[in-house]
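Hi everyone, thanks for coming. Let me put the structure up on the screen, and then I'll walk you through a few spots.

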Amino acid sequence: MTGLEDLGGVGPAIAEKLRSAGYESVESLAVATTGELMEAAEVGTRIAAKVINSARDAAKMGYERASEVMERRKHLGHISTGSQSLDRIIDGGIETQGVTEVFGEFGSGKSQISHQLCVNVQLPPEQGGLNGKAIYIDTENTFRPERIAQMAKGVGLDLGQALENIYVARACTTDHQMLLAEKAEEMAREGDVKLVVIDSLTSLFRTEYCGRGALAERQQKLGRHLAALHRLSELHDLAVFITNQVQSKPDAFFGDPTRPVGGHVLGHSATARIYLRKSKANTRVAKLVDHPGLPPESATFQIAEAGIRDLN
Ligand code: GTP
Ligand code: MG
């Protein structure tokens with residue numbers, strides 16, 4: 001693995017400054033802008049550009065052959081959601097080497113699916129898992145080990161083991177959230193992490209960057225965060241699952257009520273996007289929206305005591 005000091009233009013002093021400004025990995029530098037680095041490391045444009053370019057080379061962010069892409073995609077893994085009908089519309093479950101976004105209003109089941117995936121990823125492939133561990137970055141304090149216990153029981157996993165295999169962190173600020181994503185990269189490098197959940201991706205961004213004036217800055221930072229998440233998923237062949245709340249406001253009657261909060265940055269950067277809406281009682285409807293290779297089909301599932309399941 002390449003360290004900061006191995007990059008062109010980075011000596012010990014600059015490496016130190018970069019680290020204290022939060023750039024811990026080559027990947028984080030590869031997605032930075034020259035302006036950010038000039039400020040963070042107190043260097044000129046030329047050095048900043050050199051550092052970024054060499055980080056991009058090291059992180060292999062340029063072109064690759066289609067045959068290499070094909071080879072990589074042969075190893076795509078899928079994590080079952082617990083509902084076969086939901087799995088079907090997304091081609092067999094949540095994919096590795098990509099970012100899947102689920103969006104919907106409060107109570108639509110975003111966090112419940114997140115919990116279920118943390119359990120299911122631990123199962124062997126023939127049962128819909130990847131024999132892997134999960135990381136759960138929680139921004140709304142919604143992670144519930146008790147719920148994991150119910151779901152583990154639902155799929156016949158040993159409870160102690162199920163909880164051991166999920167690493168949970170509570171993010172307090174957007175910077176903290178981004179740092180935790182970097183830490184996830186370190187953990188993935190060491191072991192068999194196959195799923196990284198961020199529930200929710202956008203809530204802290206929304207509170208920290210409120211008002212029209214902060215919009216551009218928010219979108220830029222969110223874009224960088226997402227780029228790092230994509231990179232993480234591809235680098236370690238793992239699935240990134242992000243949640244995003246949408247409010248169904250009365251004024252949305254005239255617009256698209258399913259437009260998620262992140263706006264365009266989010267809209268065009270997730271690999272798969274699933275829109276969730278409430279139906280009767282514990283029934284939910286999921287719709288796959290603007291996927292590059294799959295039709296926009298819908299599926300119905302239920303949030304049962306044992307977890308996410310097909311309708312009876
Ligand atoms: P926000 O985070 O508020 O945007 O909502 P969300 O989309 O994350 O909703 P969440 O996944 O928390 O879904 C909440 C729904 O899941 C509740 O309305 C319940 O119907 C169901 N639910 C939550 N916990 C349980 C549980 O322990 N057992 C069962 N059977 N259902 C549950
Ligand atoms: Mg939630």
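So, glutamate 297: leaving out neighbours within four places in sequence, glutamate 297 is in contact with Ile89, Ala286, Lys287 and Leu288, where contact means heavy atoms within 4.5 Å. This is a predicted model, so local features need pLDDT of at least 70 and side-chain atom pairs count only at pLDDT 80 or more, while totals for chains, interfaces and linings use all residues. Residues are numbered from 1 along each chain as its sequence is written, chains are lettered from A and ligands numbered from 1 in the order in which they are written, and side-chain values use heavy atoms, with hydrogens and water left out.

Back to glutamate 297, which sits in the loop between strand E9 (283-289) and strand E10 (298-304). Helices (H or I, at least four residues) and strands (E, at least two) are DSSP runs, numbered from the N terminus. The cut-offs are under 20% relative accessible area for buried, over 50% for exposed, and partly exposed in between, using a 1.4 Å probe and protein chains only. And from glutamate 297 to alanine 41 you go 256 residues in sequence and 48 Å in space, C-alpha to C-alpha.

Okay, next spot: serine 233, over in helix H12. Serine 233 has 0% relative accessibility, so it counts as buried. Not counting residues up to four places away in sequence, serine 233 touches Gln97, Gly98, Leu238 and Val240. A polar atom of the serine 233 side chain is 3.1 Å from the backbone nitrogen of glycine 98. That's a polar contact, meaning a pair of N or O atoms within 3.5 Å; within protein, one must be able to donate a hydrogen and the other to accept it, and residues adjacent in sequence count only if both atoms are side-chain atoms.

What about glutamine 97, then? Glutamine 97 is in the loop between strand E2 (94-95) and strand E3 (98-104), and it's buried too, at 9% relative accessible area. Its phi is near 60°, which is positive in a residue other than glycine.

Now, H12 has a partner. Two packed helices are described by the angle between their axes and the distance between the axes. Helix H10 (residues 174-190) packs with helix H12 (residues 215-235) at an angle of about 10°, and their axes are 10 Å apart. So H10 is roughly parallel to H12, a label for angles under 35 degrees; over 145 is roughly antiparallel, 65 to 115 roughly perpendicular, and the rest oblique. Axes here are lines fitted to C-alpha atoms, for helices over the stretch in contact, with angles running from 0 to 180 degrees between N-to-C directions. Residues making the contact include Met178 and Ala181 of H10, and Leu229 and Leu232 of H12.

On to helix H7 (110-120). Nine of the 11 residues of H7 are buried, so H7 is largely enclosed by the rest of the structure. Among the buried ones are Lys110, Ile113 and Cys118.

Last stop, ligand 1. An oxygen atom of ligand 1 is 2.8 Å from a polar backbone atom of glycine 107. A backbone N or O atom of serine 108 is 3.2 Å from a ligand 1 oxygen atom. The side chain of glutamine 245 has an N or O atom 2.9 Å from an oxygen atom of ligand 1.
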